[in-house]
Amino acid sequence: MAFSASLSSPLGFHTHHPNPPAFSPKAPPKLTTPTTTIRPTTTTFAIPPLSSATAPTLDGTTLAVIGGSSVAALAAVLSLTDPERRRRIQAEEVGGDDKEVVREYFNNSGFQRWKKIYGETDDVNRVQKDIRLGHSKTVENAITMLTDDGSLRGVTVCDAGCGTGSLSIPLAKEGAIVTATDISAAMVAEAQKQAEEQLLAGKDDLSQAPVMPKFEVKDLESLDGKYHTVVCLDVLIHYPQSKADGMIAHLASLAENRLILSFAPKTFYYDILKRIGELFPGPSKATRAYLHSEADVERALQKVGWKINKRGLITTQFYFAKLVEAVPA
């Protein structure tokens, strides 16, 4: 998932070329764009909780409404909180580290929550519906990045952290040969089910059907092989920068031509919003959320001989993510 906060700004991509082509999705998402326009200068924010803890629980949709001018003053209060203590408790409960917390969450309560968000059910609150829209925009623009250079037919793609298949299935429809992995067995099973329903159902002649993605239960560290393109959307949020550098290097080692990443951007402002969210944990938001500066991600890529070719920012009211395409330097 990508970090969520109430921020909205236009989506725009640019490349290193002097006159970059504008990004325009080939087909709009099957979602309704929020009717309320929130300008970048908006000073009112509603921040859903991002982590669990042994503290009173508040409803994520009505968590906090804070004047933008109060953000600086809140920094002093936030310095008194102890999210690391709560995180240590999480890890102790599952008998492991960050990775085990993530695995446990997305195989249980997190699976149910994100299956609804990534799906089409109406049984979601307004925050979840907005995050669904944001994630859909990220997937949509990743596909645009991938198809800008031509057809995907026969192109090998690794979808690292595939979730319920929201990217893998459209890629298969485009003719790509997809290997899709996730740390959660529950997510992989759901992705397999969705792929069979969308790619094979009702087709008498399976030779005319798209090639089914190969779904596997694997964490990022366990990925191997070589692919034309590696894509990793909304996964780096589970890795601190110290580990994210290694993950980015590992993903780049698997890619021959392109690496597409999305991550929750780290700025002073977004970091304060995240800390506010940690003050009001909820039981369904049970993983740590790590933000990453674009400069840190770019440095990690440069260390292994890659450079960012395209970049963009996707935001809705409760979702924001940076999306970058990197190529060998």
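Is Asp296 buried, partly exposed or exposed? Asp296 is partly exposed, with a relative accessible area of 23%. Buried here means under 20% relative accessible area, exposed means over 50%, and partly exposed lies in between (1.4 Å probe, protein chains only).

This is a predicted model, in which local features need pLDDT of at least 70 and side-chain atom pairs count only at pLDDT 80 or more, while totals for chains, interfaces and linings use all residues. Residues are numbered from 1 along each chain as its sequence is written, and side-chain values use heavy atoms, with hydrogens and water left out.

**View 1. The whole chain has 10 helices and 10 strands.** Helices (H or I, at least four residues) and strands (E, at least two) are DSSP runs, numbered from the N terminus. The chain holds 329 residues, and 51% of them count as buried. Contact means heavy atoms within 4.5 Å. Among contacts with a separation of 6 or more, 75% link residues 24 or more positions apart. The accessible surface comes to about 14,600 Å². Carbon and sulfur atoms account for 53% of that surface. Areas come from the Shrake-Rupley method with a 1.4 Å probe; for residues, only the protein chains shown count as cover.

**View 2. Asp296 sits in helix 10 (residues 294-303).** Leaving out residues up to four places away in sequence, Asp296 touches Gln241 and Asp245. Asp245 lies 51 residues from Asp296 along the chain. Their C-alpha atoms are separated by 8.2 Å.

**View 3. Helix 3 (residues 98-107) has five named buried positions: Asp98, Val101, Val102, Tyr105 and Phe106.** They lie on the same side of helix 3, because they cover an arc of only 115 degrees around the axis. The arc is taken from the directions from the helix axis to the C-beta atoms.

**View 4. Helix 4 (residues 109-118) packs with helix 7 (residues 185-200).** Two packed helices are described by the angle between their axes and the distance between the axes. Here the angle is about 35 degrees, and the axes are 9 Å apart. Axes are lines fitted to C-alpha atoms, for helices over the stretch in contact, and angles run from 0 to 180 degrees between N-to-C directions. The crossing is right-handed, meaning that the near helix is turned clockwise from the far one by less than a right angle. Helix 4 contributes Gly110, Phe111, Trp114 and Lys115. Helix 7 contributes Ala186, Met187 and Glu190.

**View 5. Gln198 is in helix 7.** Gln198 counts as partly exposed, at 38% relative accessibility. Beyond residues up to four places away in sequence, Gln198 touches Ile169, Lys173 and Lys203. Ile169 is 29 residues away along the chain, with 7.8 Å between the two C-alpha atoms.

**View 6. Ser168 belongs to helix 6 (residues 168-173).** Ser168 is buried, and its relative accessible area is 0%. Not counting residues up to four places away in sequence, Ser168 touches Asp159, Cys162, Val178, Ala180, Pro213 and Phe215.

**View 7. Asp234 lies in the loop between strand 7 (227-232) and helix 8 (241-254).** Asp234 counts as buried, at 5% relative accessibility. Most residues other than glycine have a negative phi. Phi of Asp234 is near 55 degrees, a positive value.
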